[in-house]
Amino acid sequence: KNISKWQTNQKVSKKNEVIMTDYKESKEADVKTLETLDMVALEKAERQPRVEEHEKVERALDAEVLVIFELPDGSEGESHFKMGHTVEVLKSFVAEEFEIPMDAQRLFLDDRLMLDPLTLSDYPEISPSKTVFIRVEGILPESAAKK
């Protein structure tokens with residue numbers, strides 16, 4: 001009887017060990033799952049500000065600004081442009097509207113020559129809340145003069 005009681009206790013003890021081992025492994029798996037979930041949540045949270053920053057940049061580049069062109073004959077022309085538009089876009093407008101070929105134009109913001117690949121947002125003095133005056137140098141045909 002003592003041996004069978006001892007054997008029974010051993011069996012119960014082994015079962016308890018298995019149960020405890022299973023419990024520990026289960027808890028470790030739960031912890032790993034939580035760590036994985038935390039990493040996924042962290043990665044998602046890290047991406048979120050970038051998306052918001054990207055949206056801010058897009059909104060800033062889509063903002064409109066009124067540009068008044070001071071033409072070579074002293075007259076003026078105006079149009080709205082987006083902050084993301086390049087100087088080349090402005091030159092294209094001047095070419096179409098005032099018949100000054102793009103390659104013959106030079107645009108100046110104050111006394112600074114504006115460069116084709118730059119956008120309006122690249123010039124710190126330009127903002128959507130201000131009207132921008134841009135001086136156009138080039139030969140203006142008489143038929144294109146706007147007064």
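Trainee: Among contacts between residues at least 6 apart in sequence, what share joins residues at least 24 apart?

Mentor: Happy to start there, and keep in mind that this is a predicted model. A contact here means heavy atoms within 4.5 Å. In this chain, 59% of the contacts between residues at least 6 apart join residues at least 24 apart.

Trainee: Which elements does the chain run through from the N terminus on?

Mentor: Read the order as α-β-β-α-β-β-β. In total, that comes to 2 helices and 5 strands.

Trainee: How much of the chain is buried?

Mentor: Buried means under 20% relative accessible area. Of the 147 residues in the chain, 22% are buried. The chain exposes about 10,800 Å², with 54% of that supplied by carbon and sulfur atoms.

Trainee: Why does glutamate 99 count as partly exposed?

Mentor: Partly exposed covers the range between the buried limit of under 20% and the exposed limit of over 50%. Glutamate 99 counts as partly exposed because its relative accessibility is 43%.

Trainee: Where does aspartate 110 lie, and what is its phi?

Mentor: Aspartate 110 lies in the loop between strand 3 and strand 4 (112–113), and its phi is positive, near 60°. Its relative accessibility is 56%, so aspartate 110 counts as exposed.

Conventions: Residues numbered from 1 in each chain as written. Predicted model: local features only at pLDDT ≥ 70, side-chain atom pairs only at ≥ 80, totals over all residues. Heavy atoms only, no water. Helix = DSSP H or I, 4+ residues; strand = E, 2+ residues; numbered from the N terminus. Buried < 20%, exposed > 50% of the residue type's maximum accessible area, 1.4 Å probe, protein only. Areas by Shrake-Rupley, 256 points an atom, 1.4 Å probe, with all protein chains shown as cover.
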